[in-house]
Amino acid sequence: IHCQSMNISDLTGIESFTALTELNCDDNQLTSLDVSNNLALTYLDCEMNQLISLDVSNNATLSVLACNYNSLTSLNLSSTTALTNLYLQEMYNLSSLDLRNGNNQNLYDLGINNAPNLYCINVDDVAWSTSNWTDIDPQHYFSTNCPPSAIQEHSFNKKLLKVTDLL
């Protein structure tokens, strides 16, 4: 289904298309999208909406997810074991991302930029992720168990800038 740029605000009923393999609904007015019943879905482009909720919890066959320019605060991709391409640019509200799907080495194209509220990204293997996924913001880091609070300080270097004696 290709329904991009059609000013759509609701895709209720999409869950009935159980054999759906490709959905391109970018550049609409969607605030939520539940494709968890679309078990055959392999490609989802939901960029440039106003998504605050995206449910891909049962989409094990999903290989491409383009979700740039949305308002999601969290995204759990732990069930997307076939994921090979993930695009999450310009996600100013994203603060929680779980990529622990047991198959991170198949995810060869990862782009997470301009997500200032995101610090820790849950992954299967920190060393592998750090070496292979470099298209991320400077404050992003990988962990196998991110802290529950989205706003955590993570710093590799701390320097004393200035000491002033007020007395």
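Which residues have the most contacts inside the largest nonpolar core? They are Leu23, Leu33, Leu44, Leu54 and Leu65, in a core of 39 residues. Such a core is a set of buried Ala, Val, Leu, Ile, Met, Phe, Trp, Tyr and Cys residues joined through side-chain atoms within 4.5 Å. Buried means under 20% relative accessible area (1.4 Å probe, protein chains only). The model is predicted: local features need pLDDT of at least 70, side-chain atom pairs count only at pLDDT 80 or more, and totals for chains, interfaces and linings use all residues. Residues are numbered from 1 along each chain as its sequence is written, and side-chain values use heavy atoms, without hydrogens and water.

Leu65 is in contact (heavy atoms within 4.5 Å) with residues including Leu44, Leu54, Leu75 and Tyr87, leaving aside neighbours within four places in sequence.

An open sheet has 4 strands in the order 6-8-10-11, with parallel pairing. Strands are DSSP runs (E, at least two residues), numbered from the N terminus. Two strands pair if DSSP finds at least two bridges between them. Strand 6 (74–76) and strand 11 (141–143) form the edges. Strand 10 (residues 120–122) is joined to strand 11 by 3 bridges. Asn122 has Ser143 as its bridge partner.

A disulfide is a pair of cysteine sulfur atoms within 2.5 Å. One joins Cys120 to Cys146, with S to S 1.9 Å. Cys120 lies in strand 10 and Cys146 in the segment after strand 11, 26 residues apart. Both Cys120 and Cys146 are buried. The torsion about their S-S bond is about -85°, so the disulfide is left-handed. Cys67 is buried too, with a relative accessible area of 0%. The sulfur of Cys67 is 3.5 Å from the closest cysteine sulfur, in Cys46, too far for a bond.

Conventions. Buried < 20%, exposed > 50% of the residue type's maximum accessible area, 1.4 Å probe, protein only.
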